[in-house]
Amino acid sequence: MTAKVRISMKFEQQWGHKLPELCSEVAPTPLRGGRLLYLNRALADELALPDTETLQKSAVWWGGELLAGMRPVAQVYSGHQFGVWAGQLGDGRGLLLGEQQLPTGGSVDWHLKGAGKTPYSRMGDGRAVLRSTLREFLASEAMHGLGIATTRALSIATGEELVQREVAEPGAMLIRVAQSHLRFGHFEHLFHRQQVEVLKKLADYSIETFWPELACESDRYFLWFADIVRRTGTMIGQWQSVGFAHGVMNTDNMSLLGLTLDYGPYAFMDDYQPGLIGNHSDYQGRYAFENQPTVGLWNLNRLAHALSGLLSADKLKLALKEYEPALMAAWGERMRGKLGLYAADSQDNDLLIELFTLMAREKADYTRTFRLLSYAADSDKGGLLRDDFIDRPAFESWFTRYRQRLGKETIDPQTRQTRMLAINPALVLRNYLAQEAISAAEQGDTTVLASLHAALQNPFAQHLDGSALAKPPPEWGKQLVISCSS
């Protein structure tokens, strides 16, 4: 048995203390033969955690120990899943261990996934498997490296237990950290149960804790909701710019703070295909890549409905009008940067649409196309990017107009290339890369995971160009089936 080690960090349980109506106290069920498999040392340093050797002696990673101040609770929430009201949901396999009080001020949630059954497990076993744990770890770190708001992953633990999914798989636990795990679904839960006073208390708690500048404003609920709308629009605009398909945009998976939350059947686009479905279980394609902006607004409308006791219909509609401008501003800024365009021009959208049309017809790799464009922008013929297109005349026709458009810019070519390389990643977390790390880790080898994680922390680095990690996927890598059990 692992000896308990005193780790001097301060934890509180504000959620359980202030919102007992929205949680149940539950002790984690430790993984049998648990051990720390992988630690995100970079994040550990940001959180001012002790050295790795000290941390490896703790059993907190697999539910075998609680640090001072931790008081685990399972949160309850409800939501719409695939557009249908699903009723009560909640943390069926996760526990909010507590909020770490950071030395620099502020706090972050520590959330243990795979911690065992809770009152909200329904028919589930409360466990997570190594496969899904690794996928969430890598995806959240990939999004962070791309500069997109997200939860983070601190650790992966495994043990001797096997967990039954389609087949028996190694059990695992993940510690996820975030500024908050507040979800749209928390408000939906209270609204549909007609717990009006608790809903107001939750709104006040969220404002006082995360929007303190609004606490004394007479119109604070409107200003608060409008900012939630903008944050959501910004997040989804950024998803679209990097070719990220979330796969399961249920309202209970939507963060109030605009964080990318709950990675499961996601996909980063390989071949450019707007209809990409990241979730094999999404038979109707509700959450296809091209539908994400619409779904984001639909989900915000469900949240608005839940907040109808706090704001008038006119105020809710006015706040919702913030969504499209926020989304388009985030997406437009990134896409102009990806093209190396910095002065707005009325024809820029047509130029981008024409490129997307050509990419879709040729099944051009999304990430590689824009990365090569970073190098080709100031060439005469298009450099290596030209060689990626079969229809050379069509590409050359587009590239000629693109070069003419660049001629209107005042930025010098070297500065433009530097900026383009800083927004067009050499590397994204393709599903096949995650699968290679999973296959190795299931055999006890974490070197593939470590190498991939290191690269994802700086996906724009030029040393990645030409590396094995930055290559387009092999054919088998495009055929991987990712479902909700992933």
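Buried means under 20% relative accessible area, exposed means over 50%, and partly exposed lies in between (1.4 Å probe, protein chains only). This is a predicted model, in which local features need pLDDT of at least 70 and side-chain atom pairs count only at pLDDT 80 or more, while totals for chains, interfaces and linings use all residues. Residues are numbered from 1 along each chain as its sequence is written, and side-chain values use heavy atoms, with hydrogens and water left out.

**Strand β3**
- Four of the five residues of strand β3 (residues 35-39) are buried, so the strand is mostly covered.
- Helices (H or I, at least four residues) and strands (E, at least two) are DSSP runs, numbered from the N terminus.
- β3 pairs with strand β10 (residues 152-164) in the antiparallel sense, over four bridges.
- Two strands pair if DSSP finds at least two bridges between them.
- Leucine 39 has serine 155 of β10 as its bridge partner.

**Overall build**
- The protein has 18 helices and 13 strands.
- Its radius of gyration is 23 Å, close to the 23 Å that the globule rule gives for 486 residues, so the protein is as compact as a globular protein of that length.
- That radius is taken over C-alpha atoms, and the rule is 2.2 Å times the number of residues to the power 0.38.
- Of the 486 residues, 58% count as buried.

**Helix α12**
- Nine of the 11 residues of helix α12 (residues 366-376) are buried, so the rest of the structure largely encloses it.
- Among these buried residues are Tyr366, Phe370 and Leu373.
- Their cover includes α7 (220-242), α10 and α15 (413-421).
- Aspartate 365 caps the N-terminal end of α12, with a side-chain oxygen 3.3 Å from the backbone nitrogen of threonine 367.

**Lysine 338**
- Lysine 338 lies in helix α10 (residues 323-339).
- Lysine 338 is buried yet has no salt bridge.
- A salt bridge is a side-chain nitrogen of Lys or Arg within 4 Å of a carboxyl oxygen of Asp or Glu.
- The nearest side chain of opposite charge, aspartate 365, is 9.9 Å away.
- Leaving aside neighbours within four places in sequence, lysine 338 is in contact (heavy atoms within 4.5 Å) with residues including Tyr366, Phe370 and Leu373.

**Two positive phi values**
- Alanine 48 has phi near 60°, a positive value in a residue other than glycine.
- Alanine 48 sits in the loop between α2 (41-46) and α3 (52-55), and is partly exposed at 43% relative accessible area.
- Aspartate 262, also not glycine, has a positive phi near 65°.
- Aspartate 262 sits in the loop between β12 (244-245) and β13 (267-268), and counts as buried at 12% relative accessibility.

Key. Lys, Arg positive; Asp, Glu negative; His and termini not counted. Polar contact = N/O pair within 3.5 Å; in protein donor to acceptor, adjacent residues only side chain to side chain.
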